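Here is a walk through a two-chain model. Keep the structure open as you read.

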Amino acid sequence: MLVLRKIIFYIFTVIYLILCPLIVVRMLGFVINPLTHRLVKTGLIYVSTNPPSAIVYIDGKQAHQTTPTAIRDLTPGEHFIRIELNGYNDWERNIPIVAKKATVLANILLIPEKWPIKKISNHSYQNIITAGDDILIASNPVLKDIDLFHTTQGITENFREENTYETTPLFSKNSIYNDGLLLRLFNAPQSPYILIEANIKDKHKFLWINLKENPPLIEDISDFFPEIPTRIAWDNADNDNIFAFYPQGIYRINIKDKAIYPQNTRHLPNNLKQQEPHPTQDKFLINDKNDLLTREWRWIHLSPKENFGKPQIYNIARSKPSTNMFFEDKNGELFYLDDDTGSLFSAQILPYHPILNIPIPDALRSK
Amino acid sequence: MKFNFSKENLEAPQAKLQRCLEILPGACSWASLLGLIFLSIFYPLCAAILIVAFYLSWILKITYSTIFLVLSYFQLNIEENTDWITRIKGIDELPNYLKEIRSQKLDYNWPQLISHKIHLNQLKLLIKSKSLPPSSNKIYHLVIFPVIKEGRDILEPAIEAITVQNFSTQQIVIVFALEERALEPVQIAVRELVEKYKKVFFECMIVVHPAIVPGEARVKGANATCAGREAALFFHKHKIPNEHVIISCFDADTVVSVNYFPCLTYHFMVCPNRLQASFQPIPVYHNNIWNVPGFARVVETGSSFYQLIESTNPEKLVTFSSHSMSFKALVDVDYWPVDMISDDSAIFWKAYIHYDGQYQVIPMYVTLSMDVACADNWWQTAQSVYKQKQRWAWGVENFPIVMRAFLESKKIPLYERLRLGFKLFEGHLSWATSGFILSIIGWLPIIFARQEFAASVVYYNVPAIANTIFALGFFAICITILLSLALLPKTKLRYGWLLKLGHAFEWMMVPFILVFFSALPALHAQTRLMLGRYLEFWVTDKKRTPQK
């Protein structure tokens with residue numbers, strides 16, 4: 001046994017002494033050129049696509065693995081890369097490779113042959129705004145025509161399937177506010193509350209609506225507004241206090257205590273000091289901030305940030321001017337109002353990648 | 001060589017050297033870990049090269065170890081059915097026996113053939129050495145059980161296992177080395193056991209070790225030494241020469257297999273240099289293996305495997321845990337160190353230095369079973385296992401003493417001093433660092449990569465190489481799992497196969513175990529030694545639940 005041990009020990013030592021420098025040299029990007037039999041420096045290219053599992057061809061040769069993948073042993077200079085995936089347009093570029101360096105093509109967004117666009121509602125709307133994490137409010141001048149959508153409702157693992165979105169009217173059929181006319185609609189980023197200023201039976205009303213509840217809980221807080229404020233705002237961190245801005249000053253209204261307090265501007269939460277309550281959002285950085293989703297007048301465009309000398313802009317759809325559009329990160333969908341009909345549409349921009357949903361015990365959920 | 005095998009009572013220059021050597025292992029381990037972290041942050045390319053070189057050495061090491069683990073396991077199986085008693089009786093009449101076995105016709109049973117071949121070679125060596133052993137009926141076994149808090153539930157199975165040996169119990173002397181500070185119930189339990197087994201053995205006695213003895217630390221070695229001295233008087237009184245006595249110092253929970261003493265006697269008899277030798281069995285931890293949490297099972301199976309691998313290399317084998325040795329050697333070296341915790345390995349080094357390198361450890365392919373550290377709950381068990389591993393890793397205390405001896409010695413060949421010194425040092429360094437490098441530090445160059453490194457070929461090649469190496473390592477783990485399943489004792493529980501299947505999956509905890517129950521306790525022990533915060537002996541929690 002002892003002799004065998006010594007023999008194997010020496011064999012392994014020799015293997016180590018040979019393999020170690022070889023592996024290190026290989027790791028540093030050196031390979032032996034089969035033609036010249038000389039050591040040459042190489043570079044590599046790392047490709048990841050959205051969606052993944054695309055086939056990569058480099059100078060016409062198929063890579064061993066689908067994306068994401070690193071293709072090694074590339075000689076310095078330009079190499080022609082083509083990426084193919086069924087149902088998507090081919091992606092082709094000449095990519096420069098530098099010795100000992102990695103060229104990274106991260107999160108290349110593959111453009112579908114046809115954008116998967118679906119109509120969500122037959123109704124026509126004036127604008128859309130968001131509330132909470134996944135609530136989309138499609139507004140109309142008459143209160144009974146304001147609808148709610150849960151933007152994550154349509155998630156399915158394959159976005160090509162027909163997804164369904166349930167339309168829920170904000171006010172129930174028998175609501176006393178149904179005939180009211182919408183004057184202004186206030187929201188706060190991420191807050192599940194909205195505030196509606198409306199004219200109901202010739203009376204100026206302010207309705208505080210909690211969208212967390214089903215059906216939404218509506219509270220008439222008109223008494224707190226002796227005059228019509230220029231602006232109303234609140235912070236999602238504190239949904240009990242809303243701030244009414246008047247030319248003469250700011251008042252804090254505590255919904256819970258039903259009390260009004262004069263408010264010093266200095267003590268106003270920082271995010272409320274800015275004046276623009278509902279900016280129309282026209283730009284989204286998507287796909288891990290690699291691509292830009294923009295709107296110019298009516299057209300919604302997609303333009304990759306990294307274009308490797310081949311700038312390209314892809315038209316997605318036409319939207320109603322001066323309305324909001326909303327990009328849902330969770331399922332990669334863009335919501336907008338159609339230019340012709342004013343109906344709510346969604347376009348699947350990024351493929352949806354489900355995250356393993358671990359059920360949370362109810363006891364914990366309530367905490 | 002006359003040498004003070006202790007860190008105490010040293011002259012000033014020796015004390016300084018001792019202190020420097022105490023600092024060395026811990027300092028090197030910390031320097032390796034911190035150095036790699038530093039390089040990972042500031043010179044990631046350099047760190048990546050070192051880490052890949054380390055990974056490669058690791059995979060070769062693990063492959064090498066797995067080969068010998070398999071071979072060692074086969075040898076353990078081969079020797080399982082060996083009739084040691086017939087062999088012992090044969091050696092008593094060696095010339096006739098040698099003729100007999102040479103002419104013996106064997107079936108084509110390859111385990112039997114291998115065992116026969118090894119046996120024949122050992123006999124040839126014995127005859128060649130002309131150092132014939134005493135007759136087997138003149139060989140006595142002294143078994144010392146140091147006791148401090150172990151109850152009857154732990155001690156009785158250990159004694160019971162000796163009574164059922166395939167060896168005359170009238171050639172066995174049992175000594176309970178009882179600490180004076182042991183609690184009364186423990187003392188009563190020991191006295192009851194002595195009463196019960198007095199007539200079964202040649203002698204069964206208690207030696208009480210005083211609570212405070214000047215110059216002694218509160219360590220097991222001090223207790224065993226006290227018992228050893230009493231036993232020496234006993235053998236002298238009965239006119240039994242020390243040369244005819246084999247001492248086995250067992251942990252209180254040691255349950256020997258039925259062939260332990262015949263196998264030990266055989267190895268003692270066939271070893272030409274039997275009076276300067278220790279005999280190392282394979283320790284397994286089966287007494288309560290099914291009552292402990294999964295991680296503890298994996299940790300201890302790993303320890304058994306380590307010993308199986310080591311047993312294939314007698315040139316570098318060091319005694320570990322419960323083992324046996326020549327009583328004459330023990331007396332010659334003046335018993336165990338009385339101020340060291342790692343008495344099991346320290347006694348080997350003490351003897352090795354005393355005999356100027358003319359001392360060896362003979363591996364024996366026979367098992368003895370001990371308890372896995374086990375406490376009342378998972379967390380306490382984890383603490384117990386951690387402390388036990390830290391105590392084992394405290395074997396690093398041998399390093400400065402052995403190095404001092406190696407620096408002084410002129411008779412031990414330089415090559416041997418370098419070889420063993422390097423093995424001792426590298427063993428402790430690798431124990432404290434490998435787990436961290438494999439599980440955590442190896443990924444740091446990627447985690448801390450700055451833009452320049454992240455855009456290099458190396459950044460993408462390191463994980464690819466690491467993944468390939470770890471995939472190869474997984475094969476070794478699979479073999480280890482299979483052997484572990486084969487080595488585990490049968491369980492009387494219903495659905496025992498399910499337990500075994502579960503155990504296979506427990507091996508997935510290896511990265512966690514490598515860090516928390518191997519590298520961390522070792523680094524902790526080395527750091528304590530480095531800072532001069534010496535460890536005190538701590539008795540491992542042992543708990544058994546009867547199987548339903």
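Lys101(A) is partly exposed, with a relative accessible area of 32%. The model is a predicted one. Lys101(A) sits in the loop that runs between strand S8 (91-97) and strand S9 (102-109) of chain A. Leaving out residues up to four places away in sequence, Lys101(A) touches Thr42(A), Gly43(A) and Leu44(A) in chain A, and Glu452(B), Ala455(B), Ser456(B) and Val457(B) in chain B. For a sense of scale, take Thr152(A), 51 residues from Lys101(A) along the chain: the two C-alpha atoms are separated by 41 Å.

The size of an interface is often given as the accessible area lost when the parts come together. Here chain B and chain A bury about 2600 Å² between them. Carbon and sulfur atoms account for 74% of that area. On the chain B side, Tyr64(B), Val457(B) and Tyr460(B) lose the most area to chain A. Together they make up 25% of what that side buries. Val457(B) is also one of the residues touched by Lys101(A). In terms of contacts, 30 residues of chain B meet 27 residues of chain A.

Charge pairing across this interface comes to one salt bridge. Glu315(B) and Lys6(A) form a salt bridge through their side chains, at 3.3 Å from N to O.

Over all chains, the structure holds 28 salt bridges. Chain A supplies one example: Lys256(A) pairs with Asp240(A), and their closest N and O atoms are 4.0 Å apart. Lys256(A) lies in the loop between strand S21 (249-254) and strand S22 (259-263), while Asp240(A) is in strand S20 (residues 238-246), so the bridge ties together parts of chain A that are 16 residues apart in sequence. Lys256(A) is exposed, at 63% relative accessibility. Asp240(A) is partly exposed, at 30%.

Now chain B. Glu156(B) and Arg152(B) form a salt bridge with closest N and O atoms 2.9 Å apart. Both residues belong to helix H6 (residues 152-163), four residues apart, about one turn of the helix. Glu156(B) counts as buried at 17% relative accessibility. Arg152(B), at 28%, counts as partly exposed.

Another bridge joins the side chains of Glu506(B) and Arg297(B), at 2.8 Å from N to O. This pair links distant parts of the chain, with Glu506(B) in helix H19 and Arg297(B) in helix H10, 209 residues apart. Both Glu506(B) and Arg297(B) are buried. Shared partners also join salt bridges into a network of Lys6(A), Glu315(B), Glu416(B) and Arg419(B).

Stay with helix H19 (residues 496-506) of chain B. Gly496(B), His503(B), Ala504(B) and Glu506(B) are buried there. Seen down the axis, these buried residues of H19(B) fall within an arc of 155 degrees, so they line one face of the helix. They pack against helix H10 (294-310) and helix H18 (457-487) of chain B. Trp497(B) and Phe505(B), on the other side of H19(B), are exposed.

Helix H3 (residues 84-92) of chain B can be read in a similar way. Its buried residues are Trp84(B), Arg87(B), Ile88(B), Gly90(B) and Ile91(B). They cover an arc of only 160 degrees around the axis, which puts them on the same side of H3(B). Their cover includes helix H4 (94-103), helix H5 (110-129) and helix H9 (260-270) of chain B.

Last, return to chain A. A nonpolar surface patch of about 690 Å² is built from Val3(A), Ile7(A), Ile11(A), Val14(A), Ile15(A), Ile18(A), Leu19(A) and Leu22(A). Leu22(A) belongs to helix H1 (residues 2-27). With a relative accessible area of 53%, Leu22(A) is exposed.

Note on methods:
Residues numbered from 1 in each chain as written. Chains lettered and ligands numbered in written order. Predicted model: local features only at pLDDT ≥ 70, side-chain atom pairs only at ≥ 80, totals over all residues. Heavy atoms only, no water. Patch = residues over 30% accessible without salt bridge, like charges linked within 9 Å, V, L, I, M, F, W, Y side chains within 5 Å. Areas by Shrake-Rupley, 256 points an atom, 1.4 Å probe, with all protein chains shown as cover. Helix = DSSP H or I, 4+ residues; strand = E, 2+ residues; numbered from the N terminus. Buried < 20%, exposed > 50% of the residue type's maximum accessible area, 1.4 Å probe, protein only. Contact = heavy atoms within 4.5 Å. Arc of directions from axis to C-beta. Buried area = accessible area lost by both parts, 1.4 Å probe.
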